[in-house]
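The text begins with the strands and then turns to the helices.

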Amino acid sequence: MTGTCVGKEAIGLFGGTFDPIHLGHLRLAEELSQAIGLSHVRFIPAGQPPHRRRPQTAAHHRLEMVRLAIADNPGFVLDDRETKRNAPSWTVETLESLRIELGNTQPLYLLLGADAFLGLPGWHRWQELFELTNIAIAHRPGYPQNQWQEAMPLGLREQFETRLAQADCAHSAAGRILIKPITALDISATGIREALQHHHSPRYLLPAPVLDYIDQHHLYTPETA
Ligand code: ATP
């Protein structure tokens, strides 16, 4: 299915631990959705992310926080398939299951911040990702474009250069790489967790209903960490 140009509307896939979800995530999804012309974006919280440390917060809390964060946007959808799997969340398997549901001609875009794209060679069967989806890379503060492109390991650079050059038709089902600038918001879940640990308010870095949920459930406070 790689490189086939098709007319269907594209779907965005946005995975993460979302521990917790914040405005950096939401702006990335919103801006890439508009720039690419996505019909909708599926938020896919990781269950047990295998290529990074475990999330601090149980999956049902992270799911609920994403649900609250996207509730007012009909273009955002929650997809809980990874948290339902009682096994590591391999993105390649998530994409395979989506392909079974959506078919091989559906254009898909995996949305990644630049830091996540650089980490791709650590992902299970990562080279196969390009057969299953397009990838849209968003800028992220702390990862200037000239620096992260220079930092790419050889195998990733080869994929990047080949697939960026192929970006010549409206929506292929898979196989293309796009880079899009987005509003630079230097927000991370790590920073929010640290603020809460130190009893500093992360207000205005994440949606108010998500912060209310964190307060109600005493998440990320020193007692629960
Ligand atoms: P943590 O600080 O716990 O590592 P995080 O804030 O990086 O978390 P993740 O859930 O790991 O959030 O990220 C999911 C995706 O969102 C990744 O592709 C990441 O690059 C992207 N992302 C997260 N925050 C931003 C941001 N502020 N700007 C652009 N992309 C972001």
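**Sheet and helix packing**

In this predicted model, 6 strands form an open sheet in the order E4-E3-E2-E5-E6-E8, and their pairing is parallel. The edges are taken by strand E4 (76-78) and strand E8 (177-180); each has a single partner strand, so one side of each is left without a neighbour in the sheet. On average, neighbouring strands of the sheet are turned by 25° against each other, with direction ignored.

One pairing within this order can be followed residue by residue. Strand E2 (residues 10-16) runs beside strand E3 (residues 38-45) in the parallel sense, and the two are joined over 7 bridges. Ile-11 has His-40 of E3 as its bridge partner.

Helix H2 packs on the sheet, where it touches E3 and E4. The direction of H2 makes about 160° with that of E4.

H2 also meets another helix. The axes of helix H2 (residues 59-70) and helix H10 (residues 208-216) come within 8 Å and cross at roughly 150°. Because angles over 145 degrees count as roughly antiparallel, H2 is roughly antiparallel to H10. The crossing of H2 past H10 is right-handed.

On the H2 side, the contact is made by His-60, His-61, Glu-64, Met-65, Leu-68 and Ala-69. H10 contributes Pro-209, Val-210, Tyr-213 and Ile-214. Sorted by class, the contact of H2 with H10 has 7 nonpolar, 2 polar and 1 charged residues.

How values were computed:
Residues are numbered from 1 along each chain as its sequence is written. This is a predicted model: local features need pLDDT of at least 70, side-chain atom pairs count only at pLDDT 80 or more; totals for chains, interfaces and linings use all residues. Side-chain values use heavy atoms; hydrogens and water are left out. Axes are lines fitted to C-alpha atoms, for helices over the stretch in contact, and angles run from 0 to 180 degrees between N-to-C directions. Helices (H or I, at least four residues) and strands (E, at least two) are DSSP runs, numbered from the N terminus. Angles under 35 degrees count as roughly parallel, over 145 as roughly antiparallel, 65 to 115 as roughly perpendicular and the rest as oblique. A crossing is left-handed if the near helix is turned anticlockwise from the far one by less than a right angle, and right-handed if clockwise. Contact means heavy atoms within 4.5 Å. Ala, Val, Leu, Ile, Met, Phe, Trp, Tyr, Cys and Pro count as nonpolar, Asp, Glu, Lys and Arg as charged, and the others, Gly among them, as polar. Two strands pair if DSSP finds at least two bridges between them.
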